[in-house]
Structures are given as structure tokens and as C-alpha cells.
Amino acid sequence: MALRIGCGSGGAPDRVAPAEDLARDGALDYLCFESLAERTLAQGHVALREGRAGYSSKLEARLRAVLPHCVRNGTRVLTNMGGADPMGAGKATAWLAAELGLSLKIAVIEGDDVLSLIAPDTPLIETAGTVADFGRPPVAANAYIGHEAMVEALAGGADIVIAGRVSDSSLFLAPIARELKIAEDDWDMLARGALVGHLLECSTQVTGGYFADPGYKEVPGLDNLGYPLAEVAPDGSAVITKLASTGGCVTPMTVKEQLLYEVHDPAAYLTPDVSADFSTVRISAAGVDRVRVSDATGRPRPARLKTLVAFDGGFLAEGEISYAGPGALDRARLAAEIVRRRMIERNGYNGELRLDLIGAASLHATAGLRSESQDIRLRGALRSTDRKWADILLEEIESLWMGGPAGGGGFRGRITPSVITQSTFVNRADVRCTVKWMS
Amino acid sequence: MTRRVMLREIASARAGDKGDISNVSVWVYDPAHFDSVRRSLTAERVKAAYPELFGGAVTRYDLPDLHGLNFVMERGLEGGVNASLNVDAHGKSFSFLILALEVEID
């Protein structure tokens, strides 16, 4: 009998209802919630320092929706929604379980927080310099940890496993490794489990999301897109599918596109658990919304663990105003020129300033592409550690309302605090992952 | 007889981001087109099409059994999510930069 593993979320903002559908109707053995992107975790650390919760703001909503079904159906839950504060998330989960009258064994995985291992001379990959060269103290550092501690928690009888920065695919590999009894050096089988995790971890991106292109790639029921589940066979091959009651589609093409999502060399996809070779993978249709994947192979896991070091990124300021009708592009260009001159010549700003003409040249402006439109939105953007420049940019764009070219309307502006992440590696032996139990 | 078509007519694509590295995988609908796309859509061709944007190294990885090509653009995201001032800091739309290119097919 195949092992059934569902995906309850593929990122922090993902919808709750499709997870509840899977928990209720998916006959799942395990339901895994992936919830961390490169910056989500660092933002959690900032929130924690400011006295807010450092774990996922959707933890309670998601668990409240699925736990009664999971208990009824014998489905166990794994998640990295613990973010910057797995123990805080564990406590919140224990309170929620008590409120729902559910008796659950809750495990918390700690050890991914490696800020204490980061020193001024720690090298950063992207800048080719050190942490000290960055000029600001790091606010957080988290290693991408693998599946082992989660397997230990499952072996200990956990109904819910809550972690922080475990690798996305490891969340799904953990139950596969436990149920299929995969040895820690069985690289081919670990790669097959990692492949299932990789295909499920972005939820709807394998069931028809991030895919539709009218006239070329049609997807039915996009307003009711379902989350995926995998039926994993004892040999590590799997069928990726979804509930028939949901919208979307699972086809060889949706699976192929997701196979290489955020992958560089397909023959060396590095995870904490295995260096997976996806170039050997076979993908074939196995019925309506059913796609079989098999034959991933693997090589020994990397010696060191990738670690994200987060720094205060200052403020991102974005202001927009629109021009429409005859001559819209000329008026928007004139408005952009006014903003540029005022920021640089009159206000003395000397950082990077981006001015987009949305409708003519924005997302693909740097690629040199232009299009014709009579409906143009000027967008000015800058990033600064000095809040003053963020405020000034918005003032300059807002003042175009009265002092800019004719017919400017619809000003909107916002300032977003930002976090910058850089990568480094830490020695695996220096990262000690532990399983703690909520009493 | 060869003819020129926009890649979008014969292939699908998806963009992903990691730091300042963009990757776009390209998948032909009809396996019969794979060899000609492979010939026509080289890494050099992609880099040359958008030199301002793709200023770093462009590498292509081939998956002949699945009829796919993976283009990896180093320093291809204007600094990446952390630093880019592009509306689309992840480069999610970059798949359509590749799909907009013309290729020669047999």
C-alpha cells in the first residue's frame, strides 16, 4: 500500500482551505506544511525581537482547520512554521490542541539557529567578503537542516513535528525515510524522497498554479486550485496527484516545470540530506491528474550546511502615480525626469533610484523591452538604511499630483522595512539538532 | 525546410530564483522540436538577447530524456530579492523573456 503524503502549504501566504480539503478527504498518512522563504525567517527574527511572534502568523488558522480531520484520519503533521521560534510555535500548538480537546504528542525541532557560530571573519558567498565587511551586525543566521531530527521525532511517536529552518524537501523526506526505512547513506532512495519533497513543496505550482497561459496552456478551475499529494511506493517512485473535487491539473508538463524550479544543475541538486540527480528522472502520465515520477539517483550529501545570514536591509520605498490617454507616455516620462532631478540635484540623493513606466517598460525594462500604451503608471523606488530618503521619495512623487505634468492621478506610496540575506556554510558537526517534547 | 517561430509557440517555461541567480527551464511540447531548439537556443544566444539584464555567466543544462533545457543566469536578478528595485524582484516574469525569442525549427 502506497504511503500518502500531502502538502498543506507551499509558502507563508498560501491558502488554508485546500489544506483542510486534503486533511478531510485525502486519506493521508502525513500532511506537511512548508512555510519559509529566504526572507520569511529573517523577518520572523525581527518580529521576535520587537516582541511579536517569531513563528508563522498562519500557524493557528492552519492547524485549527486540519487537526480535527488529522486526528480522525490518523494523519501526522510536519511543518517548518516554527520559523524563528519553533518552541513558541510548539507552545501555541499545545494550547490550541487543549482548546480543541485533542490529545496530541507535539515535538519541536531546535538547532537551526546558528547565529552563535557566525563571527566577524565568517565568509559570505555572494559578496566574497566577510560578515565584518558587510558593516552591519547580523540579525539572524539559520542553517538548512535535514530530515534526521524529524525522523527521530516521528519514531518517538510525534503526532505533530514543528521545526524552523529545515530544508523544504526534508519536511517531506522525513516521513518517507521513516516509513520506507531508508538508510542514512542510501543516496538513491534519499534522492527519490527528496524529489517527492521538491515536487510537493511549492503546493499549487505542481497542480496548475504558476502555469496557465490562455490559448497555450489552459488550466481548469483555477479559482479552486487543489494542493498536491504523493502516493509513494516502496521503491521510492511516486504518483503526484490531487483531489478530484479540486480545480487545477497535474500533467507531465506541470511536473516537469516544477522539477527544475529553483534548480541549477539538475544532476547536482544539493540538499542537507543528499546531492540529488534529477537528470535521470522519468516522468509519465498515469491517468487523469496522475503523474508517475521515478528513477532519481543520488550521491553523498554535502559536507557542510548552507546557512542564511540576515542583516538589516533598511527601507524599501515605492511611490506610484498614473497618466492615461493621449500623450500619457510623454507625460509620465516628464514626471520621471522631474522626480530624478529633484531627488539628485535638489535633495542631494546619491543612491540607486529606479524609475519605471509601468505599461511601457517596467518588469522587462532592464532587458530593453518596450511596449506601447496610453495607460502608464510611473513608479519610483529606492532602498536606504536612512528612513529620511524613503520619506522624501514618496513626498516627491505625491507632489506630482499638483506640481507635475497634466492629468496625473492615483498616487500610492509605501515604505517597507527590509531584511537582506547572504549565504555561508557551517560545518555539519557544529549544528546540533534536538527534539524537544511539549508536555 | 526550416522556419522561424516564437519559442512560446512550441515550448513552455518556468522561472525560479535563488539569491541573485535566475533559472528558466524550457520544455518543448513536441519532442520532435527538441534538437532544433537545442541547436538554436544556446546559452550565448540568451545572454546576447538581453545583455544589460543577463550580464553574468549564462549556463545551459540539458535534459534530453525529458526534452528540457535549463538556463541559469548568474547575477541575473538585478541583485535578487534583497537588493533589486524591479517590481518583479524574483524575476518570475523572466520565463517570458525566453519564450519571446525566435528559434529555427525543422
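I start with what α3(A) touches: its buried residues pack against β1 (3-10), α1 (17-25), β2 (30-34), β3 (76-79) and α4 (86-99) of chain A. Buried means 20 or more other C-beta atoms within 10 Å of a residue's own, exposed means 12 or fewer, and partly exposed is in between, with C-beta atoms placed from the backbone. Contact means that two such C-beta atoms lie within 7 Å. Helices (H or I, at least four residues) and strands (E, at least two) are DSSP runs, numbered from the N terminus.

This is a predicted model, where local features need pLDDT of at least 70, side-chain atom pairs count only at pLDDT 80 or more, and totals for chains, interfaces and linings use all residues. Residues are numbered from 1 along each chain as its sequence is written, with chains lettered from A and ligands numbered from 1 in the order in which they are written.

The buried residues of α3(A) are L59(A), R62(A), L63(A), V66(A), L67(A) and C70(A). After the helix comes G74(A), with a positive phi near 70°.

Now the contact between the chains. Chain A puts in 35 residues and chain B 30. On the chain A side, α9 (252-259), β15 (354-358), β16 (375-384) and β17 (409-427) each supply at least two residues. β16(A) gives the most, four residues.

Last, D30(B). It is found in the loop between β3 (21-28) and α1 (34-40) of chain B. D30(B) counts as exposed because it has 10 other C-beta atoms within 10 Å. From D30(B) to D88(B) is 58 residues in sequence and 31 Å in space, C-alpha to C-alpha.
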